[in-house]
Amino acid sequence: MKTARQNVILQIISEREIETQSQLIEALAEHGVSSTQATLSRDIKDLQLIKELGDSGKYHYVVSGKSKNSDHEARLKKIFRESITSFSTAQNLIVIKTLPGLAPAACSALDSMKIDNLVGTLAGDDTAFLAMKNNEAAEIFCREIDEMF
């Protein structure tokens, strides 16, 4: 069931631009596949889907390896430049504010880079929390983010 559902997801995102999980749930239903948002979130993570800026000017899901920008650093810089509105440290945490809906894309890009001092990420709609190993690592990474702008 899981493999079949994930194959349908890959088919859907290859045929049309899907911007949200709600749109993806609706598209799955059109193909006779029911899914919850929680299951869909796990599928998105398993399939390593990311959001990429499409020709239409809107972000949509793509498979990370099939992204136009497969170079992680270039992709991260692009996502950060286009989506981050502010960032700051709070001890070993970095709080990143993004345009609405883009925090998951920023976290996905960071997670895929396997940054040494990054312990984990948590994304809401427009806010991302990055847990770093220590306060110094958070300060250093904030300086790196600042240099990307």
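Author: Let us begin with pairing: two strands pair if DSSP finds at least two bridges between them. Strands (E, at least two residues) and helices (H or I, at least four) are DSSP runs, numbered from the N terminus. This is a predicted model, in which local features need pLDDT of at least 70 and side-chain atom pairs count only at pLDDT 80 or more, while totals for chains, interfaces and linings use all residues. Residues are numbered from 1 along each chain as its sequence is written, and side-chain values use heavy atoms, with hydrogens and water left out.

Reader: Over how many bridges do strand 3 and strand 4 pair, and in which sense?

Author: Strand 3 and strand 4 (residues 93-98) are joined in the antiparallel sense over six bridges. Within strand 4, Thr-98 stands opposite Ile-84.

Reader: What is the order of the strands in the open sheet?

Author: The open sheet has four strands in the order 3-4-6-5, and the pairing is antiparallel. Strand 3 (84-90) and strand 5 (118-123) are at the edges, each with a single partner strand, so one side of each has no neighbour in the sheet. From one strand to the next, the twist averages 15°; such angles run from 0 to 180 degrees between N-to-C directions, and the axes are lines fitted to C-alpha atoms, for helices over the stretch in contact.

Reader: Which strands does helix 6 touch?

Author: Contact means heavy atoms within 4.5 Å. Helix 6 packs on the sheet and touches strand 3, strand 4 and strand 6, its direction making about 160° with that of strand 3. Helix 5 (residues 103-113) lies across strand 4, strand 5 and strand 6 (127-132), and runs at about 160° to strand 5.

Reader: Which residues of helix 6 are buried?

Author: A residue is buried under 20% relative accessible area, exposed over 50%, and partly exposed in between (1.4 Å probe, protein chains only). In helix 6, the buried residues are Ala-137, Ala-138, Phe-141, Cys-142, Ile-145 and Met-148. Seen down the axis of helix 6, they fall within an arc of 135°, so they line one face of the helix; the arc is that of the directions from the helix axis to the C-beta atoms. Glu-136 and Glu-147 are exposed, on the face turned away from the buried side.

Reader: Which strands form a hairpin?

Author: Strand 1 and strand 2 do, with five residues between them; Gly-57 in the turn has a positive phi of about 90°. Strand 1 (residues 49-53) and strand 2 pair in the antiparallel sense over five bridges, and Glu-52 stands opposite His-60 in strand 2. Of the five residues of strand 2 (residues 59-63), four are buried.
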